[in-house]
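Have a look at the model first, then read on.

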Amino acid sequence: MDNRPIERAVRWTRSSRCSASGACVEVAELPNHLVGARDARIGDASPVLRLSAEEWHALLTDIREGALDLPA
């Protein structure tokens, strides 16, 4: 099943800290208790990463704790 029409119908949001160039991620609540994340620069043409609520929470925790930072 192609979920593209569903993903176009949801409300995508981005951080207020997003740069003017649009180099950021948009997120949306998807059906079936999923969270979608996509590249804001290409919007509807972007592939969508679909995460469960638990996966989304774990990703945000790792980001906040710096677990995904590249070495200096």
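## A glutamate and its partners

E26 sits in strand β2 (residues 25–30); strands (E, at least two residues) and helices (H or I, at least four) are DSSP runs, numbered from the N terminus. A word on the source: this is a predicted model, where local features need pLDDT of at least 70, side-chain atom pairs count only at pLDDT 80 or more, and totals for chains, interfaces and linings use all residues. Residues are numbered from 1 along each chain as its sequence is written, and side-chain values use heavy atoms, with hydrogens and water left out.

Is E26 buried or exposed? E26 counts as buried because its relative accessibility is 8%; the cut-offs are under 20% relative accessible area for buried, over 50% for exposed, and partly exposed in between, with a 1.4 Å probe and protein chains only. R38, found in strand β3, is buried too, at 10%.

| Side chain | Partner side chain | Polar contact |
|---|---|---|
| E26 | R14 | 2.9 Å |
| E26 | R38 | 2.7 Å |

Leaving aside neighbours within four places in sequence, E26 is in contact (heavy atoms within 4.5 Å) with W12, T13, R14, G36, A37, R38, A40 and G43.

Strands β2 and β3 (residues 34–39) pair in the antiparallel sense over six bridges, where pairing takes at least two bridges found by DSSP. Within that pairing, E26 stands opposite R38. The two strands form a hairpin with three residues between them, and N32 in the turn has a positive phi of about 65°. On from there, β3 pairs with strand β4 (residues 49–52), again antiparallel, over four bridges. There, A37 has L49 in β4 as its bridge partner.

Stepping back, the protein chain has two helices and four strands, in the order α-β-β-β-β-α along the sequence. Of its 72 residues, 26% count as buried. Among contacts between residues at least 6 apart in sequence, 20% join residues at least 24 apart.

Definitions and conventions:
A polar contact is a pair of N or O atoms within 3.5 Å; within protein, one must be able to donate a hydrogen and the other to accept it, and residues adjacent in sequence count only if both atoms are side-chain atoms.
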